[in-house]
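Me: Hi! Could you walk me through this structure, starting with how its helices pack?

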Amino acid sequence: MDHFQIRNGEMHVEGIALSAIADAVGTPAYVYSTATLERHVQVFRDALAGLDDPLIAFAVKANPNGAVLATLARAGLGADVVSSGEILRARAAGIPPERIIFSGVGKTAEEMRLAIEIGVGQFNLESEPEAEMLSRVAADMGRTVAVAYRINPDVDAGTHAKISTGKSNNKFGIPYAGAVDAYARAAALPGLQIRGVAVHIGSQLTDLAPLEAAFARLGALIETLRAAGHAITVADLGGGLGVPYDPALPVPPSPADYGAMVKRVTAGWNVRLIFEPGRVIVGNAGVLLSSVIRVKQGEAHPFVIVDAAMNDLLRPSLYEAWHDIRSIRPTGRRVVVNVVGPVCESGDTFATARDMDSVAAGDRVAFMTAGAYGATMASTYNSRALTAEVLVSGDKWAVVRAREPIEALIARDKLPDWLG
Ligand SMILES: *Cc1c(COP(=O)(O)O)cnc(C)c1O
């Protein structure tokens, strides 16, 4: 079921008209649906039914808003984090420490110390120097921490180059070929308890074949590692499942298809599985609400200039990503236009030659499927304040991040004495 629907000529999020939110908090603003978040958790959980106690650790970087995290925490999810900031956010949202998985290629000693103090459940290590650093930090604290190595399976995920992470030339994980030696060395380090293996090959995957190939390699490695005497009790299969953005493209595999493949490939592994979904949980649960500032004549097509920009939603300029853009009060008339933001970069373009609802100055539009990698990637480029974020639940809604006053942004800069 879709919780973003036109009723009485107006787009609603659950029971709330988007125009009411725009009137009250202004635009641009991100708006999230609680019912959609909860539904996505349920669909993902159902897809894994039959597995023995899987851990679903939401990839916090996809949407770290405190209210979104608290909603997911209540639904029982853990967290996959990549910084001490994300650990603190996950804890603040009520996610138990043992359900937190600490990933990332550049963990510092300070971040490791914080993670150990808080008691995170598992460290996913991405290099041998990192293992040595964690060993020193843990041993200094008199602690032993559970670790897995993230394996780079050298598989092409078939997604955009900037979100592919599982080829041998990517910075992520340790090479598959060197894994057995790396585990042997890690086993000899104090403070580390080897617990498992991990893999994550990329994001917005629209084909299960590369995932299956990566998982099959992981399965073979588990056998080799066990034969070498390591107790492998956990396998972390990462995230990456894609969501539909462009209705003209084939629909990506469903969580149910993904779950069926996982169960087939991992049968007999005899491990607890960990999953780190991000986009598939939050992507379709959010929109970016924006207003049309004006429409300007263009050579091939008119430019629709909206008040959201690349600093608010970076994906189109970073990855050539496609977001459906709809009028929140569609008339049925269509136009072919370029949709752009006000930022002084040609990359600040959301859509080119787009067939979409006809809009005029003052109308509001919704960028669909903006719940993942949206607000979290925002910057203040062009001295634009960070947008407001709103969470809807049934016929209730609340501002879950206030729009940053521009004065606060400016006041963060400090003048040195000699300019005072
Ligand atoms: C980003 C990331 C994820 C989540 O990826 P999605 O495509 O959003 O599901 C999971 N695990 C790791 C290690 C990541 O870096």
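Reply: Happy to! Helix H5 (residues 109–118) and helix H6 (residues 128–140) have axes that come within 10 Å and cross at roughly 50°. That angle makes H5 oblique to H6. Keep in mind that this is a predicted model.

Me: Okay, and what is the handedness of the crossing where H5 passes H6?

Reply: The crossing of H5 and H6 is right-handed.

Me: Which residues in H5 and H6 meet there?

Reply: From H5 you have Ala109, Met112, Arg113 and Ile116, and they meet Glu130, Met133, Leu134, Val137 and Ala138 of H6. Sorted by class, the contact of H5 with H6 has 7 nonpolar residues, 2 charged ones and no polar ones.

Me: How is a pair of packed helices described in general?

Reply: With the angle between their axes and the distance between the axes.

Me: Then what are those values for H4 and H5?

Reply: Helix H4 (residues 84–92) packs with H5 at an angle of about 20°, and their axes are 9 Å apart. That makes H4 roughly parallel to H5, because angles under 35 degrees count as roughly parallel. The crossing of H4 and H5 is left-handed.

Me: Who makes the contact between H4 and H5, and which classes are the residues?

Reply: On the H4 side, Ser84, Ile87, Leu88 and Arg91 take part, and on the H5 side, Glu111, Leu114, Ala115 and Ile118. The residues of this H4 with H5 contact divide into 5 nonpolar, 1 polar and 2 charged.

Me: Now H8 and H9. At what angle do they cross?

Reply: Helix H8 (residues 208–227) and helix H9 (residues 255–266) cross at roughly 25°, and their axes come within 10 Å. H8 and H9 are therefore roughly parallel to each other. H8 passes H9 in a right-handed crossing.

Me: And what meets what in H8 and H9?

Reply: Leu208, Leu211, Glu212, Phe215 and Ala216 of H8 meet Asp257, Tyr258, Met261, Val262, Arg264 and Val265 of H9. The contact of H8 with H9 has 8 nonpolar residues, 3 charged and no polar.

Me: Switching topic: how many residues surround the ligand, and which are the closest?

Reply: The ligand is surrounded by 14 residues, and the closest are Lys61, Ser203, Glu276, Arg279 and Tyr373.

Me: What does Ser203 do with its side chain there, in terms of distance to the ligand?

Reply: An N or O atom in the Ser203 side chain is 2.3 Å from an oxygen atom of the ligand. Glu276 has a polar side-chain atom 2.5 Å from a nitrogen atom of the ligand. With Gly278, a backbone N or O atom lies 2.9 Å from an oxygen atom of the ligand.

Me: Last topic, the backbone. What are phi and peptide bonds like for most residues?

Reply: Most residues other than glycine have a negative phi, and most peptide bonds are trans.

Me: Where is there a cis peptide bond here?

Reply: Between Thr27 and Pro28, where omega is about -5°. Pro28 sits in the loop between helix H1 (18–25) and strand S4 (29–33).

Me: Which residue has a positive phi although it is not a glycine?

Reply: That would be Asn270, with a phi of about 60°. You can find Asn270 in the loop between H9 and strand S13 (272–275).

Conventions
Residues are numbered from 1 along each chain as its sequence is written. This is a predicted model: local features need pLDDT of at least 70, side-chain atom pairs count only at pLDDT 80 or more; totals for chains, interfaces and linings use all residues. Side-chain values use heavy atoms; hydrogens and water are left out. Axes are lines fitted to C-alpha atoms, for helices over the stretch in contact, and angles run from 0 to 180 degrees between N-to-C directions. Helices (H or I, at least four residues) and strands (E, at least two) are DSSP runs, numbered from the N terminus. Angles under 35 degrees count as roughly parallel, over 145 as roughly antiparallel, 65 to 115 as roughly perpendicular and the rest as oblique. A crossing is left-handed if the near helix is turned anticlockwise from the far one by less than a right angle, and right-handed if clockwise. Contact means heavy atoms within 4.5 Å. Ala, Val, Leu, Ile, Met, Phe, Trp, Tyr, Cys and Pro count as nonpolar, Asp, Glu, Lys and Arg as charged, and the others, Gly among them, as polar. A residue is near a molecule or strand if one of its heavy atoms lies within 4 Å of it. A polar contact is a pair of N or O atoms within 3.5 Å; within protein, one must be able to donate a hydrogen and the other to accept it, and residues adjacent in sequence count only if both atoms are side-chain atoms.
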